[in-house]
Amino acid sequence: MEPARAALIKVLADILRRAPAEDAALVAWRLVCGPKVEARTTALDFRDGVLRVRVPDATWRSNLEPSAAEYLKSLNTYLTKKASRITFVVEAEEKRHESQRR
């Protein structure tokens, strides 16, 4: 089973390297964060090397921030335009910010 997984990851990495940088970063987040984190977070956008990820609350942000460097390292293995930072945005704050922009 492990050789099949490695082959699949290689194929996905090749596809992501050919995709537009923003799209690749959003999809790559889902690969690097794992299923439990992926189920509770959403990659919002990738601009100027920063991946913004929505989290459900401040506790989730506090729990994920210490792992940001590890996520960043893994994320960059899939990207041609490298990410310099991951920012975790609390869902309620994102909704307020979004309504202010309208």
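The model is predicted. Its open sheet is made of three strands in the order S1-S2-S3, with mixed pairing. The edges are held by S1 (42–47) and S3 (85–90); each of these has a single partner strand, so one side of each lacks a neighbour in the sheet. From one strand to the next, the twist averages 25 degrees.

S1 and S2 run antiparallel and are joined by five bridges. One of the paired positions is Thr42, whose bridge partner in S2 is Arg54. The two strands form a hairpin with two residues between them, and in the turn Asp48 has a positive phi of about 50 degrees. Strand S2 (residues 50–55) and S3, in turn, run parallel and are joined by six bridges. There, Val50 has Arg85 in S3 as its bridge partner.

## Helices on the sheet

Helix H2 (residues 21–33) packs on the sheet and touches S1, S2 and S3. The direction of H2 makes about 150 degrees with that of S1. Helix H5 (residues 68–76) also packs on the sheet, where it touches S2 and S3. Its direction makes about 125 degrees with that of S3.

## Nonpolar core

The largest nonpolar core has 26 residues. Those that touch the most other members are Trp29, Leu51, Tyr71, Leu75, Leu79, Ile86 and Phe88. Two or more residues each come from helix H1 (2–18), H2, S1, S2, H5 and S3. H2 gives the largest share, with seven residues. In soluble globular proteins, nonpolar side chains tend to be buried together.

Phe88 illustrates the surroundings of one core member. Leaving out residues up to four places away in sequence, Phe88 touches Trp29, Val53, Val55, Arg61, Leu64, Glu65, Ala68 and Tyr71. Among these, Trp29 and Tyr71 are themselves listed with Phe88 as residues touching the most other core members.

## Salt bridges

Three salt bridges are found in a search of the whole structure. Side chains of opposite charge can pair when their charged atoms come close. One of the salt bridges links Arg30 and Glu38, with the closest N and O atoms 2.9 Å apart. Arg30 counts as exposed because its relative accessibility is 53%, over the 50% cut-off. Glu38, at 24% relative accessibility, counts as partly exposed.

Asp45 takes part in a salt bridge with Arg52, where the closest N and O atoms are 3.0 Å apart. Asp45 also forms a salt bridge with Arg47, and here the closest N and O atoms are 3.5 Å apart. Asp45 counts as buried because its relative accessibility is 8%, under the 20% cut-off. Arg52 is buried as well. Through shared partners, the salt bridges join Asp45, Arg47 and Arg52 into one network.

## Asn76

Asn76 lies in helix H5 and, at 15% relative accessibility, counts as buried. Its side chain reaches the backbone nitrogen of Ala83 at 2.6 Å. With neighbours within four places in sequence left aside, Asn76 is in contact with Lys82 and Ala83.

Conventions: Residues numbered from 1 in each chain as written. Predicted model: local features only at pLDDT ≥ 70, side-chain atom pairs only at ≥ 80, totals over all residues. Heavy atoms only, no water. Pairing = 2+ DSSP bridges. Helix = DSSP H or I, 4+ residues; strand = E, 2+ residues; numbered from the N terminus. Axes fitted to C-alpha atoms, helices over the stretch in contact; angles between N-to-C directions. Contact = heavy atoms within 4.5 Å. Core = buried A, V, L, I, M, F, W, Y, C linked by side-chain atoms within 4.5 Å. Buried < 20%, exposed > 50% of the residue type's maximum accessible area, 1.4 Å probe, protein only. Salt bridge = Lys/Arg side-chain N within 4 Å of Asp/Glu carboxyl O. Polar contact = N/O pair within 3.5 Å; in protein donor to acceptor, adjacent residues only side chain to side chain.
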